[in-house]
Amino acid sequence: MAVLTNTFQTTQAVGNREELSDVVSRITPEDTPIYSLIEKGKCTTYHPEWETDELAAPGANIREEGEEYAFGAITPPTRLGNYTQIMRKDWIISATQEVTAEAGNVQKRKYQKLKKGFEIRKDVEFAIVDTNATVAGSTREFGSLSTWIVSNASRGAGGANGGFNVGTGLTVAPTDGTQRPFTKAILDSVMQQGYQNGANFRHLSVSPYVKSVFVTFMSDSNVAPFRYAVSQGGERNTIVATADYYEGPFGTVMIHPNRVQAVNGGVARNAFFIDTGMLSFLWLRQIQEDRDVAKTGDADKGVIIGEGTLKVHNERGLGVAADLFGLSSAS
């Protein structure tokens with residue numbers, strides 16, 4: 001039936017309030033697997049340093065009865081360090097907007113402060129999984145995890161380790177190799193290297209795509225299949241195509257899909273093996289609001305800022321499977 005002439009419809013109205021939820025859902029996930037797993041500490045300088053030492057390799061220890069002592073030289077520990085990195089998020093909202101009724105209140109100070117704080121946490125995670133070497137100076141940058149690992153690494157053809165340079169006191173970025181698919185053989189190889197070097201890997205952080213490849217290891221002929229009891233009547237049967245732990249010849253690791261590692265191909269290509277006792281994050285300045293921002297106009301200004309660095313207690317307790325197809329089967 002036709003609409004009567006001059007019927008006023010909502011499509012003509014200009015004052016109707018949009019029906020938006022006052023609880024705004026933040027689409028960007030706030031999970032930060034590596035940062036959340038490792039210990040947090042404090043540092044008192046922008047260049048914290050620490051030492052690492054190693055036991056001598058085991059060998060034959062057979063001495064003659066009555067022989068005179070001979071004293072070997074002491075090997076001094078290696079002195080390591082990293083620079084703190086300043087991370088900041090900011091906003092500015094007009095005073096009028098701050099007091100205006102708004103659906104969701106996403107443009108208000110309280111919400112922006114919370115949102116920016118979560119964003120910095122994700123930036124910390126990104127800095128950890130990135131591939132950047134240490135940078136000193138006023139615009140400092142801490143060496144990312146991949147720039148430290150040299151002992152337990154599997155790389156594609158042409159790839160090379162970076163590592164800490166004791167001469168410069170800086171880390172060196174690794175060299176990319178030819179990308180390849182993630183395989184059980186690569187997983188076992190890094191875990192074996194870590195075991196032989198004294199590591200106790202408990203966690204593996206990977207891009208979401210690499211996690212999907214890991215799940216296919218269940219079809220490997222050397223992997224025990226899952227067994228599930230079928231419910232009576234079969235009405236609740238479920239297709240199971242996931243796994244969160246890998247128990248191999250050299251230990252058990254939990255696989256964490258890390259959304260931050262899907263930001264770009266550079267970070268997606270690395271899978272990190274973590275012994276949480278060998279890694280921590282030190283804060284020189286905890287993430288906080290700078291309450292001393294000067295008010296210079298008819299607007300509310302806000303700044304969230306923090307400064308910290310990654311501490312690699314001993315890189316022998318960490319591992320990397322590098323040069324993987326991290327975003328797709330070809331990238």
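The model is predicted: local features need pLDDT of at least 70, side-chain atom pairs count only at pLDDT 80 or more, and totals for chains, interfaces and linings use all residues. Residues are numbered from 1 along each chain as its sequence is written, and side-chain values use heavy atoms, with hydrogens and water left out.

Start with the sheet. Four strands build an open sheet, ordered β1-β12-β13-β4, with mixed pairing. Strands are DSSP runs (E, at least two residues), as are helices (H or I, at least four), numbered from the N terminus. Two strands pair if DSSP finds at least two bridges between them. At the edges sit β1 (39–42) and β4 (85–94), each pairing on one side only. From one strand to the next, the twist averages 30 degrees. Angles run from 0 to 180 degrees between N-to-C directions, with axes fitted to C-alpha atoms, for helices over the stretch in contact.

Look next at β12 (residues 279–289) and β13 (residues 299–312). They run antiparallel, joined by eight bridges. Phe-281 has Leu-310 in β13 as its bridge partner.

α3 (residues 109–129) lies across β4, β12 and β13. It runs at about 155 degrees to β4.

Terms used
Contact means heavy atoms within 4.5 Å.
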